[in-house]
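Here are a few friendly notes to read alongside the model.

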Amino acid sequence: MIKIYGILKSRAVRPVWTAEELGIPYELVPMHYAGDEVKSAAYLALNPNGQVPTLVDGDLVLFESLAIDLYLAKQHRAFGLWGADDHEEARIFQWTLWAATEAEPLARQWFRYTSFLPQESRIPALAAAALEGLRARFAVLDHALRDADYLVGNRFTVADLNVAAVLQRFVQLGGADYPNALAWHRRCFERPAAQRVFGERG
Ligand SMILES: N[C@@H](CCC(=O)N[C@@H](CS)C(=O)NCC(=O)O)C(=O)O
């Protein structure tokens with residue numbers, strides 16, 4: 001059985017969501033990102049970044065939450081989360097890299113300066129700048145969804161999962177101004193697997 005190291009209140013929620021979508025058995029090895037365990041020699045041998053999540057599947061050890069999602073979706077491609085041909089696969093990579101490079105740094109910046117850091121270290125101007133930067137990205141997402149319910153192949157794929165998971169706080173990030181993207185985000189989070197995982201996480 002695959003092992004996913006991390007807790008639901010971390011980026012480990014992403015591969016757990018993927019595993020739930022695929023209906024594959026997994027063991028969630030609870031490991032808090034802020035604890036000593038993630039910096040222990042034993043864990044650093046698995047993930048030298050000292051971060052969660054990490055996937056262990058037999059002798060494959062993998063870090064980077066979105067890469068883990070891609071791997072699982074491809075391994076279990078019969079479930080349909082993966083691309084049906086090379087073009088769909090390419091667009092799954094496109095959207096996943098877009099999530100990691102265009103959306104996540106800004107979403108992270110907003111979260112750090114509004115919630116994660118202690119009050120005295122928060123810088124409202126940096127939070128506001130992140131929201132401003134996200135507007136251009138959300139316009140791109142909204143346009144891509146103008147005639148489609150999903151990002152690739154008009155069915156739910158790991159591209160939707162990766163982008164939606166990165167933009168988990170879509171409404172707080174200003175997403176309500178983008179109706180196509182907002183409806184898509186709701187669609188993704190209304191899925192039973194998402195409800196189970198994000199519901200449990202509280
Ligand atoms: N790009 C990595 C980021 C992983 C990451 O930042 N994880 C956080 C928890 S959500 C963590 O473990 N932080 C502990 C640390 O950086 O010391 C991924 O997506 O897997």
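How many nonpolar, polar and charged residues are in the shell around the ligand?

1. The shell has three nonpolar, four polar and four charged residues. Here Ala, Val, Leu, Ile, Met, Phe, Trp, Tyr, Cys and Pro count as nonpolar, Asp, Glu, Lys and Arg as charged, and the others, Gly among them, as polar. Among the residues surrounding the ligand are Ser10, Arg14, Tyr33, Lys39 and Ser65, where near means a heavy atom within 4 Å.

2. A word on the basis: this is a predicted model, with pLDDT of at least 70 needed for local features and 80 or more for side-chain atom pairs, while totals for chains, interfaces and linings use all residues. Residues are numbered from 1 along each chain as its sequence is written, and side-chain values use heavy atoms, leaving out hydrogens and water.

3. Please look at the polar contacts (N or O pairs within 3.5 Å). The side chain of glutamate 64 has a polar atom 2.8 Å from a ligand nitrogen. Ligand oxygen atoms lie 3.1 Å from a polar side-chain atom of glutamine 51 and 3.4 Å from a side-chain N or O atom of arginine 11. Of the 510 Å² of accessible area that the ligand has on its own, the protein covers 76% (Shrake-Rupley method, 1.4 Å probe).

4. Two backbone details deserve a glance. Glutamate 64, in the loop between β4 (60-63) and α3, has a positive phi of about 80° although it is not a glycine. The peptide bond from valine 52 to proline 53 is cis, with omega near 5°, and proline 53 lies in the loop between α2 (41-46) and β3 (54-57). Helices (H or I, at least four residues) and strands (E, at least two) are DSSP runs, numbered from the N terminus.

5. The ligand takes the space of the largest pocket (more than half of its atoms lie within 2 Å of the grid points). A pocket is an open set of points on a 1 Å grid over the protein atoms alone, with protein on both sides within 12 Å along at least five of seven lines; lining residues have an atom within 4 Å of a point.

6. This pocket is lined by 31 residues, with Glu104 and Arg108 among those nearest its centre. The largest share, eight residues, comes from α4.

Terms used. A polar contact is a pair of N or O atoms within 3.5 Å; within protein, one must be able to donate a hydrogen and the other to accept it, and residues adjacent in sequence count only if both atoms are side-chain atoms. On a 1 Å grid over the protein atoms alone, a cavity is a set of points where a 1.4 Å probe fits but cannot get out, and a pocket is an open set with protein on both sides within 12 Å along at least five of seven lines; lining residues have an atom within 4 Å of a point.
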